[in-house]
Amino acid sequence: MEHFLALPVWAQALTATLFTYLMTAAGASLVFFTKRGGKKFLTAASGLAAGIMIAASFFSLLLPALEQAGASGRASAALVLTVGFLAGGAFIMLSDVLLSRMAVFKGRNKGGALMCAAMTLHNIPEGFAVGVAFGSLAGAQGALISAVMLAVGIGIQNFPEGLCVAMPLRRGGMRAGRAFFVGQASGFAEVPAGVLGALAVGFVSVLLPWALAFSAGAMIAVVCSELIPESFSENKFLASLGVVAGFTLMMFLDIFLG
């Protein structure tokens with residue numbers, strides 16, 4: 001612990017966000033244990049991913065954004081969350097329109113691209129949050145423990161989130177290796193974001209509520225436009241079971257680790 005505390009804050013944030021990234025990669029690696037033909041399992045997994053993303057949008061993104069923006073007053077917090085959420089949703093809807101016009105993103109490839117974009121956006125403010133936590137240490141060991149626990153909590157949450165990106169791609173026919181690559185790549189955004197957050201703690205802290213709300217809007221838009229329609233068209237019962245289970249899992253992790 002003393003050796004870790006002696007590191008520069010950017011190095012501490014780098015180490016912590018590398019851990020959270022590896023947890024995302026571990027979750028994405030589950031695609032190697034599924035078969036493309038297992039439609040029932042993949043349908044349930046897509047529902048699970050939808051439930052996880054819905055819960056993460058509220059518990060991991062909107063609630064922290066409200067807590068941070070609330071210091072400036074209720075009116076300011078309402079503005080930040082409303083504008084940020086709408087902007088995130090509009091970004092995904094506009095991306096959906098643009099990707100539909102590109103031949104390379106026809107069919108299920110478009111949904112995979114949107115999923116990867118939404119999860120990457122989701123991971124950027126999480127990386128910021130870890131970086132800000134380490135950048136605000138001022139050498140205090142108690143604060144270091146809190147920052148480490150934040151990174152551990154986000155890392156545990158990232159495990160099912162890696163599945164959220166990789167599994168729908170696998171379900172759409174993508175090879176397991178490629179689906180894993182895209183899934184783990186979505187989590188790497190936390191690493192540079194964490195270092196930036198540690199180095200520019202004051203500036204990033206101001207932008208963090210906006211980034212959290214923006215990511216929440218993007219994730220909800222992807223769930224509604226891609227995950228829910230595809231999974232429910234295959235098997236309504238399994239998809240519903242997956243959504244409820246995914247939401248419950250993420251809600252428990254966020255509350256227990258929060």
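**Entry 1: the whole chain.** I opened a predicted model. I looked up the elements and found 10 helices and zero strands. From the N terminus on, they run α-α-α-α-α-α-α-α-α-α. I then checked burial: of the 258 residues, 48% count as buried. The protein exposes about 11800 Å². Carbon and sulfur atoms supply 73% of that area. I also looked at contacts with a separation of 6 or more; residues 24 or more positions apart account for 84% of them.

**Entry 2: helix 2 and helix 7.** I turned to helix 2 (residues 9–28) and helix 7 (residues 176–187). They pack at an angle of about 155 degrees, and their axes are 8 Å apart. Angles over 145 degrees count as roughly antiparallel, so helix 2 is roughly antiparallel to helix 7. Their crossing is right-handed. On the helix 2 side, I noted Tyr21, Thr24, Ala25 and Ala28 in the contact. Helix 7 brings Phe180, Gly183, Gln184, Ser186 and Gly187.

**Entry 3: helix 3 and helix 9.** Next I took helix 3 (residues 39–69) and helix 9 (residues 201–234). Their axes come within 8 Å and cross at roughly 160 degrees. That makes helix 3 roughly antiparallel to helix 9. I looked up the hand of this crossing and found it left-handed. The contact of helix 3 with helix 9 has 21 nonpolar, nine polar and one charged residues.

Terms used: Residues numbered from 1 in each chain as written. Predicted model: local features only at pLDDT ≥ 70, side-chain atom pairs only at ≥ 80, totals over all residues. Heavy atoms only, no water. Axes fitted to C-alpha atoms, helices over the stretch in contact; angles between N-to-C directions. Helix = DSSP H or I, 4+ residues; strand = E, 2+ residues; numbered from the N terminus. Parallel < 35°, antiparallel > 145°, perpendicular 65-115°, else oblique. Left-handed = near helix turned anticlockwise from the far one by under 90°. Contact = heavy atoms within 4.5 Å. Nonpolar A, V, L, I, M, F, W, Y, C, P; charged D, E, K, R; others polar. Buried < 20%, exposed > 50% of the residue type's maximum accessible area, 1.4 Å probe, protein only. Areas by Shrake-Rupley, 256 points an atom, 1.4 Å probe, with all protein chains shown as cover.
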